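Please look over the sequence and the structure, then read the points below.

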Amino acid sequence: MTAPASLKHAHTGVLDIAYEESGPQDGTPVLLMHGWPYDPRTYDDVVPLLAAAGCRAIAPYLRGFGPTRFLSAGTPRSGQQAALGNDLKEFMDVLGIERAVLAGYDWGGRAACVVAALWPERVRGLVTGDGYNIQDIANANRPAAAEQEYRFWYQYYFNTERGRAGLAANRRALVHLIWRLWSPEWRFDDAVFERSAASWDNADFVDVTIQSYRHRYGNAPGDPALEPIERRLVAQPPIQAPTIALHGEANGLMVSDRWADHQRHFTGRRENRLIPGVGHNLPAEAPEAMAAAVLELVGATS
């Protein structure tokens, strides 16, 4: 593992986004989007592979994580999917990136999918963990299979005030548990965990998290400024960009056979890859597979 890149900042309409950048400035831009509850450290073994291949690898901290901050106390601390997608699009605008390969999983995969679906001209290619990550909020209260409902225990927890209090009081213990449950074969040690732990001390982490998991079930209002984007997402818009979907066979959060249901959402070149022995934290557990997928799309769209 290499040392983290130097920290930089970019101001969008509502955020001071902290990010790390490696590789040549004139390289193909690759946006590396982390999930919940992780941070850019998850890409530490992916970035050197991309930089060595001549890519400009950029890993931002999502809203509510690490040094990223809201510019105004009056901005709703929303974690809804429109916020994540719009943050990524505005971040690209500020950095002057017209088109990029987007890679992400979980919340970061959702941001990448939103941008790919709504602003396809900005996306050269998409590497997405677990497939199509745009939430079908209109049908969110339709029950899933019993085993999947069991895996969503944390979402139900966060929809209670006990869950909010539990996340605030026990965030490190809760995240440690989630890491273990979602990646049962990933043998991370205390040093790896502690490198990310400070990211959840962000003053907005709890509020953004709770709003995210409540909004998707209709139990919290969204940010009114983002409502036009949310209305577009209701239609479950297709993704045209060349896409490689990565699935961890040992994913403790999602079953690995979801691709059959997701293929209809992708109208361009698409490929599904199942990675044995890997859980939910794809870039940390399978950095070579993540980097290879990104570089394949970089080469295919150059």
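**Salt bridges and charges**

E296 has a relative accessibility of 31%, so it counts as partly exposed. Its place is in a predicted model, and E296 is joined to R273 by a salt bridge whose closest N and O atoms are 2.6 Å apart.

- R273 is partly exposed, because its relative accessibility is 21% and a residue counts as buried only under 20%.

The R164 and D207 pair:

- A salt bridge joins the side chains of R164 and D207, with 3.0 Å from N to O.
- This pair links distant parts of the chain, as R164 belongs to helix α6 (residues 161-182) and D207 to helix α8 (residues 205-215), 43 residues apart.
- R164 has a relative accessible area of 26% and is partly exposed.
- D207 is partly exposed too, at a relative accessible area of 33%.
- R164 and D207 also belong to a network with E161 and R214, joined by salt bridges that share partners.

The K8 and E21 pair:

- K8 and E21 form a salt bridge through their side chains, at 3.2 Å from N to O.
- K8 sits in strand β1 (residues 7-11) and E21 in strand β2 (residues 15-22), so this pair ties together parts 13 residues apart in sequence.
- K8 is partly exposed, with a relative accessible area of 28%, whereas E21 is buried, with 10%.

Charges over the whole chain:

- The structure holds 17 salt bridges.
- The chain carries 29 positive and 35 negative charges, and the mean positions of the two sets are 3 Å apart.

**The chain as a whole**

- The chain contains 12 helices and nine strands.
- For 302 residues, a compact globule would have a radius of gyration near 19 Å, and the 18 Å of this chain agrees with that.
- Along the principal axes, the C-alpha atoms fill a box of roughly 50 × 40 × 40 Å.
- Of the 302 residues in the chain, 58% are buried.
- Taking contacts between residues at least 6 apart in sequence, 78% join residues at least 24 apart.

**A buried charge without a salt bridge**

- E230 is found in helix α9 (residues 227-233).
- E230 is buried and has no salt bridge.
- What is the distance from E230 to the nearest side chain of opposite charge? That side chain is R110, and it is 9.0 Å away.
- Not counting residues up to four places away in sequence, E230 touches Q80, Q81, A82, I137 and H215.

**A buried leucine**

- L84 is located in helix α2 (residues 81-95).
- L84 counts as buried, since its relative accessibility is 4%.
- Leaving aside neighbours within four places in sequence, the contacts of L84 are R63, G79, W107 and A111.
- L84 and Y132 are 48 residues apart in sequence, and their C-alpha atoms are 15 Å apart in space.

**Backbone details**

- The peptide bond from W36 to P37 is cis, and its omega is near 0 degrees.
- P37 is in the loop between β3 (28-33) and α1 (47-52).
- D106 is not a glycine, yet its phi is positive, near 55 degrees.
- D106 lies within helix α3 (residues 106-118) and counts as buried at 8% relative accessibility.
- Q236, which is not a glycine either, has a positive phi of about 50 degrees.
- Q236 is placed in the loop between α9 and β8 (243-248).
- Q236 is buried, because its relative accessible area is 17% and the cut-off for buried is under 20%.

How values were computed:
Residues are numbered from 1 along each chain as its sequence is written. This is a predicted model: local features need pLDDT of at least 70, side-chain atom pairs count only at pLDDT 80 or more; totals for chains, interfaces and linings use all residues. Side-chain values use heavy atoms; hydrogens and water are left out. Helices (H or I, at least four residues) and strands (E, at least two) are DSSP runs, numbered from the N terminus. Buried means under 20% relative accessible area, exposed over 50%, partly exposed in between (1.4 Å probe, protein chains only). Lys and Arg count as positive and Asp and Glu as negative; His and the chain ends are not counted. A salt bridge is a side-chain nitrogen of Lys or Arg within 4 Å of a carboxyl oxygen of Asp or Glu. Contact means heavy atoms within 4.5 Å. The radius of gyration is taken over C-alpha atoms; the globule rule is 2.2 Å times the number of residues to the power 0.38. The place of a charge is taken as NZ of Lys, CZ of Arg, CG of Asp or CD of Glu.
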